[in-house]
Amino acid sequence: MDKRAASRRKESKVEVEKTEATRKGLLLASRWLSNPRTPVWARRHTPRGWAPALTDPATHGWTAADLNDAIDAWSKATRMAPAPKHPIAFIRWLMKQQDLAFAPHVLVQIAADQEKAERDRQAAAFEAERGRYAAAAAEDSPGRQAARFVARRAADSARIRKTQASARENETSPVWITHLSDRGKR
């Protein structure tokens, strides 16, 4: 009998990727099960049991909050509290209903970015329109004269208020008088 060493095949790229995906699924499962929002029925299985079902969402960057959000969205849409007899099968089915490329936290971020862009666009349009109105009026127009009058009056009243506040403060604070000439004589 020939004595040979055991074959040492290198793992194929597919096997390495599968192992990496399973590892990500295991990590997602453990984080999901430790999340306080996770349903009680999900805790019937261990992270190792959940790992194969969560490999696809994990490779697409889903988080524990995303899984809970997907369950909540399904619950609101169907108006049913999820209480599956087979939780892993239910999550597999639910994940097939989702667009895994767009996790809920990514969609929220996209919506926030779009809202911010819209607000910035509206602010820029408002500033441009205000600039057009300001440039449209002549230098000696009644509107500009009224604006100058209001601005002068506001500045005058602010100056008067400041002076009155300073006077009130000076009335209430004690005044210490020292005579320097007495010091030098002693």
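This is a predicted model: local features need pLDDT of at least 70, side-chain atom pairs count only at pLDDT 80 or more; totals for chains, interfaces and linings use all residues.
Close-up 1. The exposed residues K13, T19, R31 and S34 lie on the face of α1 that is turned away from its buried side. Buried in this helix are A21, G25, L28, A29, W32 and L33, and because they cover an arc of only 125° around the axis, they fall on the same side of α1. An α-helix has 3.6 residues a turn, so residues three or four places apart point the same way.

**Close-up 2. Span and packing partners of α1.** Helix α1 comprises the 22 residues 13-34, which at 1.5 Å a residue should span 32 Å, and the end C-alpha atoms are 32 Å apart, in agreement with that expectation. Its buried residues pack against α2 (47-50), α3 (55-59), α4 (64-78) and α5 (87-97).

**Close-up 3. The largest nonpolar core.** This core holds 23 residues, of which W32, W50, L54, I91 and M95 touch the most other members, while α1, α4 and α5 each supply at least two residues of this core. When neighbours within four places in sequence are left aside, M95 is in contact with P57, W62, L67, A70 and L100.

**Close-up 4. The packing of α4 and α5.** The axes of α4 and α5 are 11 Å apart and the two helices pack at an angle of about 85°; since angles of 65 to 115 degrees count as roughly perpendicular, α4 and α5 are therefore described as roughly perpendicular to each other. In α4, the residues L67, A70, I71 and W74 meet F90, I91, W93, L94 and M95 in α5.

Note on methods
Residues are numbered from 1 along each chain as its sequence is written. Side-chain values use heavy atoms; hydrogens and water are left out. Helices (H or I, at least four residues) and strands (E, at least two) are DSSP runs, numbered from the N terminus. The expected span of a helix is 1.5 Å times one less than its number of residues. Buried means under 20% relative accessible area, exposed over 50%, partly exposed in between (1.4 Å probe, protein chains only). The arc is that of the directions from the helix axis to the C-beta atoms. Contact means heavy atoms within 4.5 Å. A nonpolar core is a set of buried Ala, Val, Leu, Ile, Met, Phe, Trp, Tyr and Cys residues joined through side-chain atoms within 4.5 Å. Axes are lines fitted to C-alpha atoms, for helices over the stretch in contact, and angles run from 0 to 180 degrees between N-to-C directions. Angles under 35 degrees count as roughly parallel, over 145 as roughly antiparallel, 65 to 115 as roughly perpendicular and the rest as oblique.
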